[in-house]
Amino acid sequence: MMLSYGASTSSFRLPQNVTFCTYSNSHHPTTTHGGESHPVVTRRTLSLLATATATVTAAAFSVPILFCDSSVRCSESAAAAATPKFSELPESGGVKALDLRIGDGDSPVNGDQVAIHYYGRLAAKQGWRFDSTYDHKDETGEPLPFIFTVGSGKVIAGIEAAVRSMKAGGIRRVIIPPSEGYQNMSQEPIPPDFFDRQRLFTTIFNPTRLANGEGSTLGILIFDIELVNVKHL
């Protein structure tokens, strides 16, 4: 399903309806919280969500969101059962969010240390993925989450706004306008790969394109964020 929204110099329209396909099979386990069973959102599922992201032109881009593979038959009733919508987060500066899974843990406040996994994409490059914590591995090959302190000011404002209203265990897709994205090249998260970092920042801070009035679209970011845990310091 393709969902489109446009970007202009003053605002951008977001997709309003997303189709979720639910199914049950032995290859997709469930977990139990509070006596209820919930499907586990695996790393592959999160990857699919991020891989199926925006394609951008100068004026508009589309966001396909795919929750089923070719082996799964999605019923119309299952598709109609879930129609989540993007909504603007309060006091976020225009960050739009779509909750893909609601967590059941704590929500962070200023001073808390949080660990997140994310896929980061740049709208101006047709949804190019510039970074992912799943590519950051420890010595055993396990992916390393990104850790930061809420309210420290070291992380782009859009990510802080996103995690403040999440609960641990939740997954959220956010669309971050340029004003809440990278304002300089020292803000985190910073892609560790030199070429990815160079491509990201030379696009966002391209002086010629900024002079041509493209500042309202160059820095639009799309992040799929999983709040792994919250540590009260």
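Rings of Phe, Tyr and Trp, the last taken by its six-membered ring, pair if their centres lie within 6.5 Å. In this predicted model, ring pairs of that kind link Y118, W128, F130, F146, F148, Y182, F201, F205 and F223 into a cluster. The structure holds 10 aromatic pairs.

One of them joins Y118 and F146: the ring centres are 6.0 Å apart and the planes stand at 85°, so the pair is edge-to-face.

F223 sits in strand β12 (residues 221-231), and 105 residues separate F223 from Y118 in strand β8. Both residues are buried.

Another member of the cluster, W128, has a charged neighbour: the charged end of R199 sits over the W128 ring, 4.3 Å from its centre.

A separate site is E180, in the loop between β11 (171-176) and α4 (194-204). E180 is buried but has no salt bridge, and R164, the nearest side chain of opposite charge, is 9.5 Å away. The side chain of E180 does make a polar contact of 3.4 Å with the side chain of S179. Leaving aside residues up to four places away in sequence, E180 touches S92, G93, V95, I156, A157 and G158.

Definitions and conventions
Residues numbered from 1 in each chain as written. Predicted model: local features only at pLDDT ≥ 70, side-chain atom pairs only at ≥ 80, totals over all residues. Heavy atoms only, no water. Helix = DSSP H or I, 4+ residues; strand = E, 2+ residues; numbered from the N terminus. Buried < 20%, exposed > 50% of the residue type's maximum accessible area, 1.4 Å probe, protein only. Lys, Arg positive; Asp, Glu negative; His and termini not counted. Salt bridge = Lys/Arg side-chain N within 4 Å of Asp/Glu carboxyl O. Polar contact = N/O pair within 3.5 Å; in protein donor to acceptor, adjacent residues only side chain to side chain. Contact = heavy atoms within 4.5 Å. Phe/Tyr/Trp six-rings, centres within 6.5 Å; stacked < 30°, edge-to-face > 60°. Lys NZ or Arg CZ within 6 Å of the ring centre and 35° of its normal.
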